[in-house]
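Visitor: Could you walk me through this one and tell me what stands behind each label you use?
Guide: Gladly; let us look at it together.

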Amino acid sequence: MQQLATVFPTFPRCGRCYQEVLANPMHYDGQSWYHSACWEEGLRALYAAQARANEYARRFGFATLSSPEDACP
């Protein structure tokens, strides 16, 4: 007997809000699906966190990052 999940596949869930991603626009980063609004909100939060980190780094004399991609290995 076939598995029910193969007959009725589930819709991907957003990696940020965990709701089903049913319609366009959506974004896939290679591992997870995101609603475009969730993706953009996450990017804004990432850039804001980087700006705060750079401000603290400058304040205490450490090196700063120029972009979030610099932090990724």
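Guide: Buried means under 20% relative accessible area, exposed means over 50%, and partly exposed is what lies in between, with a 1.4 Å probe and protein chains only. Of the protein's 73 residues, 14% count as buried. Please keep in mind that this is a predicted model, where local features need pLDDT of at least 70 and side-chain atom pairs count only at pLDDT 80 or more, while totals for chains, interfaces and linings use all residues. Residues are numbered from 1 along each chain as its sequence is written, and side-chain values use heavy atoms, with hydrogens and water left out.

Visitor: What is the pattern of the protein along the sequence?
Guide: The pattern is α-β-β-α, and the secondary structure comes to two helices and two strands. Helices (H or I, at least four residues) and strands (E, at least two) are DSSP runs, numbered from the N terminus.

Visitor: How do you know that the span of helix 2 agrees with what it should be?
Guide: The expected span of a helix is 1.5 Å times one less than its number of residues. For the 25 residues of helix 2 that gives 36 Å, and the end C-alpha atoms are 36 Å apart, so the two agree. Just after helix 2 comes G61, with a positive phi of about 80 degrees.

Visitor: Which residues of helix 2 are buried, and what do they pack against?
Guide: They are S36, C38, Q50, N54 and A57. These buried residues pack against strand 1 (26-28) and strand 2 (33-35), where contact means heavy atoms within 4.5 Å.

Visitor: Why is S36 called buried?
Guide: Its relative accessibility is 19%, and the limit is under 20%, so S36 counts as buried. S36 lies in helix 2, which covers residues 36-60. Not counting residues up to four places away in sequence, S36 touches P25 and M26.

Visitor: Is P25 buried or exposed?
Guide: At 54% relative accessibility, P25 is over the 50% limit and therefore counts as exposed. P25 sits in the loop between helix 1 (4-7) and strand 1. Y18 is in the loop between helix 1 and strand 1 too, and at 55% Y18 counts as exposed. Phi of Y18 is near 65 degrees, a positive value in a residue other than glycine.

Visitor: How many aromatic pairs does a search of the whole structure find?
Guide: It finds two. The rings of Y28 and W33 have their centres 4.7 Å apart and their planes at 40 degrees, so this pair is tilted. Rings of Phe, Tyr and Trp (its six-membered ring) pair if their centres lie within 6.5 Å; planes under 30 degrees apart count as stacked, over 60 as edge-to-face and the rest as tilted. Y28, at 42% relative accessibility, counts as partly exposed, and W33, at 31%, counts as partly exposed as well.

Visitor: Why is the pair of Y34 and W39 called tilted?
Guide: The centres of these two rings are 5.2 Å apart and their planes are at 55 degrees, so the pair of Y34 and W39 is tilted. Y34 counts as buried at 16% relative accessibility, whereas W39 is partly exposed at 26%.

Visitor: How many disulfides does the structure hold?
Guide: The structure holds zero. For C17, the nearest cysteine sulfur is that of C14, 3.7 Å away, and C17 is in no disulfide. A disulfide is a pair of cysteine sulfur atoms within 2.5 Å. C38 is in no disulfide either, and its nearest cysteine sulfur, that of C14, is 3.7 Å away. At 32% relative accessibility C17 counts as partly exposed, while C38, at 13%, counts as buried.
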